[in-house]
Amino acid sequence: MPYRFRAARAGLTLLLVAAGGLAAAAPALPARAVLPGLHHEYQRLNNCGPVTALMTLSLFGKTVAQPAAAAALKEDARDRNVTVPEMARYLERFGLRTAWRFAGTPATLKHLIAAGVPVILHQQMKTTDDIGHYRVVYGYGADGVYVGDSYLGPKVTYPDAALEKLWRPYNGEYLVVYRPDQQAAVQRALGKNWNRRANWRSLEASARARLQRDPQDAFAWWGLGQARAALGAPRGAADAFLRAHRLGLPEKHYWYQQDALEAWNRVGRYDLTLKVATRELRGYPNSTELLRLKAEALQARKRSAQR
């Protein structure tokens, strides 16, 4: 993953420009909304997570150096990946709140930006590779959604369809970041998806709809597995993840998401976890998540053999 940074002014002032200037003809959302104060910084190697966090903090008038953010976010300096929960815990140390959700859409992002809050996206770097990447959304307009990207630059504009294509492998995963006094606005912007269980239902429905269109969509099977695990159906989750695995996922997918291994361990399919973790650790030997899940599978299998 990739990113860079510096701070701007405190507070978030929302710049809204309504289309046509006539209130009677105004759309449900402003035609354009931009959160000011983004300080962009280019990432050092594998620092996309830390720099995205820094850029997000800059929108709240907070300054952190890239090395300090990387040291705080990574359990091991050699570990390339920062998970979304790790990002959330880090940002909350600055007095902010977060909401981790899935099944996001460009419309979701626009409602949140119009409410005055930035959103971190978990996506592919490019549609032509399998590298995971973070971006922070800070605005939108007629030409698309505006993101700060630690690798590509301070204002990268994505039309809705292009944004969704990059988001599909991660099933619309996003992190809303806001001040405590903005919570009511975030709740209104998210609607039913403010409720975590309702959001998992949204992911389940989205995955099923995609599978109706294409039963061979491995990413949709993965999303269905995520939803089933969160909704209390561990065996159904394990089966969905296995289907995704057998259909074929990008080589590095397990570097960024380990939900399948969690599910397989939970239902006792330790050999599956060990097979995948051992393979992925050849290319990514310092992954703290893969090492942990492999160790859990080994310990659980040993306990089972001793019974």
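**Strand 7 and its neighbours**

In strand 7, Y140 is the bridge partner of A33. The model is predicted; local features need pLDDT of at least 70, side-chain atom pairs count only at pLDDT 80 or more, and totals for chains, interfaces and linings use all residues. Residues are numbered from 1 along each chain as its sequence is written, and side-chain values use heavy atoms, with hydrogens and water left out.

Strands here are DSSP runs of E with at least two residues, and helices are runs of H or I with at least four, numbered from the N terminus. Two strands pair if DSSP finds at least two bridges between them. Strand 3 (residues 32-34) is joined to strand 7 by two bridges, and the two run antiparallel. Strand 6 (residues 119-124) is also antiparallel to strand 7, with six bridges. There, L121 has R135 as its bridge partner. Five bridges link strand 7 to strand 8 (residues 144-149), again antiparallel. V136 stands opposite G148 of strand 8. Strands 7 and 8 form a hairpin, with two residues between them.

Strand 7 spans residues 132-141. Ten of its ten residues are buried, so the strand is largely enclosed by the rest of the structure. Buried means under 20% relative accessible area, exposed over 50%, and partly exposed in between (1.4 Å probe, protein chains only).

M87 lies in helix 3 (residues 84-92). M87 is buried, at a relative accessible area of 1%. Its contacts (heavy atoms within 4.5 Å) include I120, Y134 and L175, not counting residues up to four places away in sequence. M87 and L175 are 88 residues apart in sequence, and their C-alpha atoms are 8.7 Å apart in space.
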